[in-house]
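Open the model in a viewer and keep the selection tool ready. The stops below go in order, each with something to select and a note on what is there.

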Amino acid sequence: MRRHKILFETLRFFLLSIYLIFAVFPLFWIFITSLKPSEEVYSYPIKYFPSSPTLSAYKYLFSFANFSRYFLNSAIVSLSASAVSTFLSLLAGYVLARYRIKSVYWILLFLFFAQMIPAYLIMIPQYVMFSRFGLIDRLLGVTIVYTGIGCAFSTIMSRGFFLRIPRELEEAALIDGCGRLRALFRITVPMMLPGVSAIFSFSFVNTWNELFIAALFLNSDSKLTVPVALYSFISKAGIKWNVLSAGLVVALLPTIFVFAIAQKYIIAGLTQGALKG
Amino acid sequence: MKSTPHHAAWFFFLMVLPVILIVSFLVVYPTIKGVVMSFQNYTVFTFWRVRFVGLKNYVEIFTDSDFPSVLLNTLIWIAGSVTLQLILGFILALLLWRPFKGRGIYAGFVFYPWALSGFAIGLVWSWLLNGTFGIVNDVLKKLHLIKENIHFLSDPNYAMLSVILINIWYGIPFFAIMILAALQSIPKEVMESAMIDGAGPVRRLFSIVIPYIKPTLLSSVLLRIIWVMNFPDIIYGTTRGGPAGSTNILPVYMINIVFYETNFSKASAVGVIIIAILLVYTLFYLKLTSYGEMEF
């Protein structure tokens with residue numbers, strides 16, 4: 001029996017190590033490529049480590065390729081869209097969790113169907129609508145669309161978190177003469193900060209990564225977000241893989257960072273009956 | 001079903017109103033408008049003289065000689081990706097089940113692909129799988145598994161297999177996270193009594209673990225199918241549907257019509273076909289998981 005256990009533990013350790021390499025290696029290799037000088041990117045045999053690691057790809061990216069602009073655009077768009085949709089989903093999620101009236105059922109069903117519709121599927125009618133309002137090729141337009149696509153899902157998620165917080169505490173505050181909104185933001189929301197961070201992270205990850213809507217809506221170079229910039233890179237002839245790799249590292253870091261700090265809460269959000277992968 | 005005096009109806013509607021307005025205006029209305037557009041002749045050039053053209057766009061799609069293979073590709077893409085994501089995610093969850101030192105950190109390192117952009121991941125792997133300078137080819141040759149470089153993404157025989165493998169890499173964390181959470185909800189006593197009864201590991205897996213987490217498995221698979229079907233990002237970062245249409249799945253087919261043909265109405269018609277599939281599938285999902293009878 002004991003020998004079995006040692007054998008099993010060794011096998012487990014071995015398999016987990018292999019999977020770790022499998023999971024981490026692709027990004028590690030992109031990072032290595034981004035540190036190579038241009039002439040070593042296409043050298044054969046392949047150099048597993050750059051002979052003299054250099055940041056020249058990053059320098060090129062931020063000086064010639066205007067990447068700081070794209071990064072800033074992405075940050076503005078995804079942070080504001082996520083902040084607004086998280087805030088609104090807290091308002092709606094709160095009453096959807098606390099009220100026991102028939103409307104709750106119908107609103108939840110409405111939100112359930114709405115969040116089933118993938119964003120890329122409705123980008124054309126949105127484009128036509130937004131061109132009427134003069135919101136094409138403007139970051140504001142993309143921000144509004146992003147706020148809309150995350151809202152339904154965030155609300156369902158936020159309701160789930162509110163359901164787990166006992167209502168007695170707010171009720172005590174209400175009796176003390178505290179306003180409803182004040183009771184919500186002074187007492188309940190601070191108690192579900194993990195939930196809030198999960199909702200915000202979900203929404204940030206989705207908007208930071210979104211390509212198709214941004215590619216359709218944004219045309220001028222100064223308006224591009226990071227994914228669209230990468231998309232236009234690969235269409236350009238003569239783009240070097242060390243520069244593209246540097247761009248990928250910069251594009252992937254923010255969501256890795258968000259995942260690293262909010263991982264526990266994201267996993268809680270994913271497993272608590274949240275519906276999106 | 002009664003509301004306390006503290007919970008007035010006006011407060012309820014005031015609080016849900018912003019979300020309902022936004023979702024109606026930015027999701028529901030565009031969906032309806034998309035259906036209408038699919039019967040019109042919107043292109044970038046006919047923007048201001050739009051008229052109804054009946055079923056023209058649908059006829060065009062259904063008579064497109066590529067369309068049957070697009071449907072078939074979509075099925076292969078879904079079946080291949082979801083099956084292996086599930087099996088490997090399950091195995092990973094089982095390996096992580098019993099706590100060990102550093103499990104949290106390990107999970108962080110292997111679950112992170114969940115947060116990455118599918119498009120960027122497509123680009124990452126297109127460099128790794130590059131037919132000339134790709135490290136995967138180099139490693140396979142060093143291990144004497146292949147003699148000639150494989151053009152993973154530009155050879156029609158390998159392209160679909162390659163994008164599915166990338167998608168598996170990307171999707172394992174989702175299943176592992178869901179299944180691990182379900183495994184941790186199995187009461188200790190149930191497993192212990194099975195062990196006392198002398199049930200071996202395989203027996204325990206099939207007669208206790210799998211039946212216990214079946215609802216999670218079912219709902220994760222059903223949700224993942226819908227999600228993978230609507231996931232053109234990896235393919236857009238690698239092959240954009242090529243070579244020779246070998247990785248062209250429904251959403252890629254639609255987006256290519258938007259970006260390259262700029263025929264908005266025809267793309268909308270593809271969108272309506274996808275929505276129809278989604279709707280039928282969602283009703284099926286609701287029935288199977290009884291989400292429709294959710295408590296509130």
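Begin with H9(B), whose buried residues are Val209(B), Ile213(B), Ser220(B), Arg224(B), Ile226(B), Val228(B) and Met229(B). A residue is buried if 20 or more other C-beta atoms lie within 10 Å of its own, exposed if 12 or fewer, and partly exposed in between, with C-beta atoms placed from the backbone. Helices here are DSSP runs (H or I, at least four residues), strands are E runs of at least two, and both are numbered from the N terminus.

The model is predicted: local features need pLDDT of at least 70, side-chain atom pairs count only at pLDDT 80 or more, and totals for chains, interfaces and linings use all residues. Residues are numbered from 1 along each chain as its sequence is written, while chains are lettered from A and ligands numbered from 1 in the order in which they are written.

**Stop 1: the bent helix**

Packing is a matter of contact: two residues are in contact if their C-beta atoms, placed from the backbone, lie within 7 Å.

Now select Lys214(B), where H9(B) bends by about 60°. The bend is the angle between axes fitted to the seven residues ending at a residue and the seven starting there. A proline, Pro215(B), follows within four residues.

**Stop 2: loops of chain B**

Go to the loop between helix H10 (233-238) and helix H11 (250-261) of chain B, where Pro243(B) lies. The peptide bond from Gly242(B) to Pro243(B) is cis, with omega near -10°. In the loop between H10 and H11 of chain B, select Ala244(B) as well. Its phi is near 55°, a positive value in a residue other than glycine. Is Ala244(B) buried or exposed? Ala244(B) is exposed, because 12 other C-beta atoms lie within 10 Å.

Next select His144(B), in the loop between helix H6 (135-142) and H7 of chain B. His144(B) has a positive phi of about 60° although it is not a glycine. With 7 other C-beta atoms within 10 Å, His144(B) is exposed.

**Stop 3: where the chains touch**

Show both chains. The contact takes 65 residues from chain B and 77 residues from chain A. On the side of chain B that touches chain A, helix H1 (residues 9-37) of chain B gives the most, with 17 residues. That side divides into 50 nonpolar, eleven polar and four charged residues. Here Ala, Val, Leu, Ile, Met, Phe, Trp, Tyr, Cys and Pro count as nonpolar, Asp, Glu, Lys and Arg as charged, and the others, Gly among them, as polar.

**Stop 4: the core**

Which residues touch the most other members of the largest nonpolar core? Of its 163 residues, they are Ala120(B) and Val124(B). The largest share of this core, 16 residues, comes from helix H13 (residues 241-271) of chain A. A nonpolar core is a set of buried Ala, Val, Leu, Ile, Met, Phe, Trp, Tyr and Cys residues joined through C-beta atoms within 7 Å.

Select Ala120(B): beyond its neighbours within four places in sequence, it is in contact with Leu230(A), Leu248(A), Ala251(A), Leu252(A) and Gly237(B). Leu230(A) is one of the buried residues of helix H12 (residues 226-235) of chain A. The buried residues of H12(A) pack against several helices, including helix H4 (67-98) of chain A and helix H5 (118-128) of chain B.

Move to Ile30(A), in helix H1 (residues 2-34) of chain A. Ile30(A) is buried, with 24 other C-beta atoms within 10 Å. Leaving aside neighbours within four places in sequence, its contacts are Ser245(A), Leu248(A), Val249(A), Val124(B) and Trp127(B).

**Stop 5: whole chains**

Zoom out to chain A, which has 13 helices and zero strands. Of its 277 residues, 50% count as buried. Chain B has twelve helices and zero strands, and buried residues make up 39% of its 296 residues.
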